Amino acid sequence: MLTFKIRLLVVLSFLGLSRTIQAQDWANLKKYQEANATLEVPANDENRIVFMGNSITEGWSIANPGFFEGKPFVNRGISGQTTPQMLLRFRQDVIALKPKVVLILAGTNDIAGNTGPMTLQQIHDNILSMIELAEANGICPILCSVLPAYDYPWKPGLEPNVKIPKLNAMLNKTANAKGILYLDYFSAMADERNGLSKELAEDGVHPTKKGYAIMESLVEKSIAKVLQK
């Protein structure tokens, strides 16, 4: 046994590895830890809204920061993330912030296989788990459709123009069954190829300011509707 341990240490040393393995922050929990810590508990009359998502959500604050300024909106998007990563950080980046509403926009990076192969059912189920976590903690979820994408520039040939509508149909069915609001970005933004035009997304995936303007109009109407309840 001792000889084996010595040999293992020699191999690790040869590979440039240490005996202590550095833990990976796979869900990127560290990204918003400091911001979350400095965020005050919302007042009773504050309608805090958390935006949970990927690069489409994260980039929103960059493309049009004015949409978030002066409002109780909290952006918690992380570029490249998939639904299992979002699910892991949902308590920290949503529930702990005590919002009244959370907008969940997720799924396109799963179809792209950013963290490995995912079936549409697995993507749906991860999103459903986020919905259930929100509801169990008194937070009203708004379930957003996945935005159109004809193809992914970084991983072509995966037919998101076919898979995204199928996933959205599953999400819409779940929203109806649970009696929650389904925010349909897809129908308002898709072109004849089930993609995004250059005007709405130069790379076919990430919205331009004009693309975000369409989303903002839908978001404001959706938030107003759920807060009335």
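Me: Is leucine 97 buried or exposed?
Reply: Leucine 97 counts as buried, at 5% relative accessibility. Buried means under 20% relative accessible area, exposed means over 50%, and partly exposed is in between, with a 1.4 Å probe and protein chains only.

Me: Before we continue, what kind of model is this?
Reply: The model is predicted, so local features need pLDDT of at least 70 and side-chain atom pairs count only at pLDDT 80 or more, while totals for chains, interfaces and linings use all residues. Residues are numbered from 1 along each chain as its sequence is written, and side-chain values use heavy atoms, with hydrogens and water left out.

Me: Where does leucine 97 lie?
Reply: Leucine 97 is in the loop between helix H6 (90–93) and strand S3 (101–104). Helices (H or I, at least four residues) and strands (E, at least two) are DSSP runs, numbered from the N terminus.

Me: Which residues is leucine 97 in contact with?
Reply: Setting aside neighbours within four places in sequence, leucine 97 is in contact (heavy atoms within 4.5 Å) with Asn36, Leu39, Pro42, Arg48, Val50, Val74, Arg76 and Gln92. For leucine 39, which is 58 residues away along the chain, the separation of C-alpha atoms from leucine 97 is 7.7 Å.

Me: And lysine 98, what is its phi?
Reply: Phi of lysine 98 is near 55 degrees, a positive value in a residue other than glycine. Lysine 98 lies in the loop between H6 and S3, and at 54% relative accessibility it counts as exposed.

Me: What about phi of glutamate 159?
Reply: Glutamate 159 also has a positive phi, near 55 degrees, and is a residue other than glycine. Its place is the loop between strand S4 (140–144) and H9, and it is partly exposed at 48% relative accessibility.

Me: New topic. How many salt bridges are there in the whole structure?
Reply: The search finds six. A salt bridge here is a side-chain nitrogen of Lys or Arg within 4 Å of a carboxyl oxygen of Asp or Glu.

Me: Which residue forms a salt bridge with lysine 178?
Reply: Lysine 178 pairs with glutamate 135, with the closest N and O atoms 3.1 Å apart. This pair links distant parts of the chain, 43 residues apart: lysine 178 belongs to helix H9 (residues 160–178) and glutamate 135 to helix H8 (residues 120–136). Lysine 178 is partly exposed at 32% relative accessibility, and glutamate 135 is partly exposed at 33%.

Me: How far apart are the closest N and O atoms of glutamate 199 and lysine 210?
Reply: They are 2.4 Å apart in a salt bridge. Glutamate 199 sits in the loop between helix H10 (185–189) and helix H11 (209–228), and lysine 210 in helix H11, so the pair ties together parts that are 11 residues apart in sequence. Lysine 210 is partly exposed, with a relative accessible area of 45%.

Me: And glutamate 46 with arginine 48, what is the N to O distance?
Reply: Their side chains meet in a salt bridge at 3.4 Å, N to O. Glutamate 46 is partly exposed at 25% relative accessibility, whereas arginine 48 is buried at 5%.

Me: Back to the helices. At what angle do the axes of H8 and H9 cross?
Reply: The axes come within 10 Å and cross at roughly 30 degrees. Axes are lines fitted to C-alpha atoms, for helices over the stretch in contact, and angles run from 0 to 180 degrees between N-to-C directions. H8 and H9 are therefore roughly parallel to each other; angles under 35 degrees count as roughly parallel, over 145 as roughly antiparallel, 65 to 115 as roughly perpendicular and the rest as oblique.

Me: Is the crossing of H8 and H9 left-handed or right-handed?
Reply: It is right-handed. The term applies if the near helix is turned clockwise from the far one by less than a right angle, and left-handed applies if anticlockwise.

Me: Finally, how many residues does the chain have, and what percentage count as buried?
Reply: The chain has 229 residues, of which 44% count as buried. There are 11 helices and five strands in the chain.
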